[in-house]
Amino acid sequence: MNRHRCSWATTELCIANHDQEWGVPQHDDRVLFEFLILEGAQAGLSWETILKKRAGYKAAFDGFDPSCVAGYDSRKVAQLLANPAIIRNRLKVESAVINAKSFLQVQAEFGSFDRYLWQGILTGLPRQNSWKRSDQLPARTTESDALSKDLLKRGFKFVGSTICYAFMQAIGMVNDHLVDCFRYQSVARNAR
């Protein structure tokens, strides 16, 4: 069956991500932490590069358990920087540890990171956009600006507005599948 997909889904990894995950509302804190780390690691790189290294990230970062990652010391950071299964950028690796600590603080304050995002930043249901062409998709929005500003205030790193918007797309805070994409309607139904 030949399905029409968003234009970025052209490789096997990207197609699988597009067809199964991208834009689907996520409420599991571990999954939210995973995407926060992966979106930060993706800065300046392609999403496919990150998808190729996703399993390596999961293994290297203790299954994306923020409690474990928050406890990483300089020796563990050095091990990560020597690990070819992840992006070996010191700022990105160190930001993952910093973000884990900040993530735990948000959980303590709000009861969960999920509650912070979905009831604090985005009140109500995910935004259902209706883009017809990929060049209509914004790189950032007032909501991603607000999320970025608040995360930065809370000590997070690698959370600029563009990264935050990509994070919001990935976890389904916005439905940015094109209207003629076969996933558009199913993601919209799933969000209700």
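1. The axes of helix H5 (residues 74-81) and H6 come within 10 Å and cross at roughly 135°. That angle makes H5 oblique to H6. The crossing of the pair is right-handed. On the H5 side, the contact is made by Val77, Leu80 and Leu81. On the H6 side, Arg90, Val93, Glu94 and Val97 take part. By class, the contact of H5 with H6 holds 5 nonpolar residues, 2 charged and no polar ones. Note that the model is predicted.

2. Next, H2 against helix H3 (residues 47-60). Their axes come within 10 Å, with a crossing angle of roughly 130°. H2 is therefore oblique to H3. This crossing, of H2 and H3, is right-handed. From H2, the residues in contact are Glu34, Phe35, Ile37, Leu38, Glu39, Ala41 and Gln42. They meet Trp47, Ile50, Arg54 and Tyr57 in H3. The classes in the contact of H2 with H3 are 7 nonpolar, 1 polar and 3 charged.

3. H3 also packs against H1. The axes of H1 and H3 come within 9 Å and cross at roughly 85°. The cut-off for roughly perpendicular is 65 to 115 degrees, so H1 counts as roughly perpendicular to H3. H1 brings Leu13, Cys14 and Asn17 to the contact. H3 answers with Trp47, Glu48, Leu51, Lys52 and Arg54. By class, the contact of H1 with H3 has 4 nonpolar residues, 1 polar and 3 charged.

4. Now the open space. The largest pocket has a volume of about 450 Å³. It is lined by 23 residues, and the closest to its centre are Trp22, Gln42, Trp47, Ala166 and Gln169. Helix H1 (12-20), helix H2 (29-42) and helix H9 (161-170) are the elements that give two or more residues to the lining of this pocket. Which element gives the largest share of that lining? H9 does, with 6 residues. The lining of the largest pocket divides into 14 nonpolar, 7 polar and 2 charged residues.

5. About 80 Å³ of space lies in the largest cavity. Its lining has 13 residues, of which Ile37, Ala41, Lys92, Ser95 and Ala96 lie nearest the centre. H2 and helix H6 (90-110) are the elements that give two or more residues to the lining of the largest cavity. H6 gives the most, with 5 residues. The cavity lining divides into 9 nonpolar residues, 3 polar and 1 charged.

6. Ile37 and Ala41 are among the residues nearest the centre of the largest cavity. H2 itself gives two or more residues to the lining of the largest pocket and two or more to the lining of the largest cavity.

Methods
Residues are numbered from 1 along each chain as its sequence is written. This is a predicted model: local features need pLDDT of at least 70, side-chain atom pairs count only at pLDDT 80 or more; totals for chains, interfaces and linings use all residues. Side-chain values use heavy atoms; hydrogens and water are left out. On a 1 Å grid over the protein atoms alone, a cavity is a set of points where a 1.4 Å probe fits but cannot get out, and a pocket is an open set with protein on both sides within 12 Å along at least five of seven lines; lining residues have an atom within 4 Å of a point. Grid points are joined across faces, edges and corners, and a volume is the space filled by probe spheres set on the points. Helices (H or I, at least four residues) and strands (E, at least two) are DSSP runs, numbered from the N terminus. Ala, Val, Leu, Ile, Met, Phe, Trp, Tyr, Cys and Pro count as nonpolar, Asp, Glu, Lys and Arg as charged, and the others, Gly among them, as polar. Axes are lines fitted to C-alpha atoms, for helices over the stretch in contact, and angles run from 0 to 180 degrees between N-to-C directions. Angles under 35 degrees count as roughly parallel, over 145 as roughly antiparallel, 65 to 115 as roughly perpendicular and the rest as oblique. A crossing is left-handed if the near helix is turned anticlockwise from the far one by less than a right angle, and right-handed if clockwise. Contact means heavy atoms within 4.5 Å.
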